[in-house]
Amino acid sequence: MTPRIWLSPPHMNGHEMKYIQEAFDTNWIAPIGPNIDAFENNLREYTGAKNVVALASGTAALHLALCVLGIQSGDLVLCQSLTFAASANPITYLNAIPVFIDSEPDTWNVCPDALENAIKHYQRIGKKPKAVICVHLYGMPCKILDIKSICEKYGLVLIEDAAEALGSEYEGQKLGTFGDLGIFSFNGNKIITTSGGGALVSSNQKYIEKARYLATQAREPVPHFEHKEIGYNYRMSNISAGIGRGQMEVLPERVLQRRRNFAVYKRHLGGVENIRFQEEPPAAFSNRWLTALLLSETSESVTPEKIRLALEARNIESRPLWKPMHLQPVFTKCEYWGGEVAENLFRRGLCLPSGSDLSESSIFEICEVISLTL
Ligand SMILES: *Cc1c(COP(=O)(O)O)cnc(C)c1O
């Protein structure tokens, strides 16, 4: 059997061990230490975010984002439906109420019209939502300026889930820095990894100070352990941050490698009548974390699942698009605004192997399997 081609495997640069060794040599084997400080600085410089806190996961970052914004039990939080469950789960940690919003077909991300309709409705019935969580799916910028101006118009705070979009830009500005708060993930499958980790960023220093405090068990700055609030243990380890430092050295290269994957897929499959791709609108720059194809037409014999099984038979991993949250058993009681765009994308899409170390010949092989399936 030829080695498995994974969807998005970790891709080390070789310097990660140097930073881990430093941690061992200096005995900083703890959730505090020089690698964490340096990694936070790297992220600050790269993204242009003014304030950064490195955390145990992207999910923890979202949870703390909601905490520092003061989201409480019963508050409505509007969230893009077509996303990974981690975008929405933290809303429920606080007993707040998720409301799901459809996507628009251009970027596959939250639809500004559906979002505004939802806000107007809740305002009319006297239940003004508190916050919006938008997502940049597979690295593609959502219509961020439209979303931001809707949030400003109605006085809602905006959280950008940029877990998949580190390195993506809109009008030359890095994603994650448009919202009141932004989050990144360094899980094993993301564009860079710390084996598991995340970060919360904001131009507002108070938010990040508060998040750092909550992530450290809400310890008051006194010698004995004094607590006025419930805290969490959400800090990143100094070992993980060492991996992150090595990965940050090659992040610009990783973005180019992922974008090259997309270009090669497009060259081989762009002419196939039944296949479409997620296209960059003007002013958008995607890190192309994952390349996903969309079948214009599906029939009994032509489905994303059929392609997935054909690839699997060749030991190649592919994956359906995220199943929309409003279709998830765990969220069936939640309200949903919009039409069937997200559901349609889910039924017609397939994420293709997109690792930054994928060879052109592997992409060629994948494209051949796909062509033969259609
Ligand atoms: C990966 C991911 C997260 C969660 O990040 P973790 O670091 O795995 O907790 C959140 N949102 C989206 C859209 C993701 O893809």
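This is a predicted model: local features need pLDDT of at least 70, side-chain atom pairs count only at pLDDT 80 or more; totals for chains, interfaces and linings use all residues.
Which residue of E9 does Phe184 stand opposite?

**View 1. Strands E8 and E9 pair in antiparallel fashion.** Phe184 faces Ala199 of E9, the residue that stands opposite.

**View 2. An open sheet of 8 strands has mixed pairing.** The strand order is E1-E9-E8-E5-E4-E2-E3-E14. At the edges stand strand E1 (51-55) and strand E14 (336-337); each has a single partner strand, so one side of each is left without a neighbour in the sheet. In general, the strands of a sheet pair through backbone hydrogen bonds, in either a parallel or an antiparallel manner.

**View 3. Helix H7 lies across E1, E8 and E9.** This helix is formed by residues 205-215 and runs at about 20° to E1.

**View 4. Helices H3 and H7 pack with their axes 9 Å apart.** Packing of two helices is described by the angle between their axes and the distance between the axes. For helix H3 (residues 58-68) and H7 the angle is about 120°, and the two are therefore oblique to each other. Their crossing is right-handed. On the H3 side the contact involves Leu64, Cys67 and Val68, which meet Tyr207, Lys210, Ala211, Leu214 and Ala215 of H7.

**View 5. A second open sheet, of 3 strands, is antiparallel.** Its order is E7-E6-E11. Strand E7 (173-174) and strand E11 (284-285) are the edge strands, and each pairs on one side only. Strand E6, made of residues 169-170, is joined to E7 by 2 bridges, and these strands run antiparallel. Within this pair, Tyr170 stands opposite Gln173 of E7.

**View 6. A salt bridge links the side chains of Arg245 and Glu22.** The N to O distance is 3.9 Å. Arg245 belongs to helix H8 (residues 238-248) and Glu22 to helix H1 (residues 16-25), so the pair ties together parts that lie 223 residues apart in sequence. In total, the structure holds 16 salt bridges.

Conventions: Residues are numbered from 1 along each chain as its sequence is written. Side-chain values use heavy atoms; hydrogens and water are left out. Two strands pair if DSSP finds at least two bridges between them. Helices (H or I, at least four residues) and strands (E, at least two) are DSSP runs, numbered from the N terminus. Contact means heavy atoms within 4.5 Å. Axes are lines fitted to C-alpha atoms, for helices over the stretch in contact, and angles run from 0 to 180 degrees between N-to-C directions. Angles under 35 degrees count as roughly parallel, over 145 as roughly antiparallel, 65 to 115 as roughly perpendicular and the rest as oblique. A crossing is left-handed if the near helix is turned anticlockwise from the far one by less than a right angle, and right-handed if clockwise. A salt bridge is a side-chain nitrogen of Lys or Arg within 4 Å of a carboxyl oxygen of Asp or Glu.
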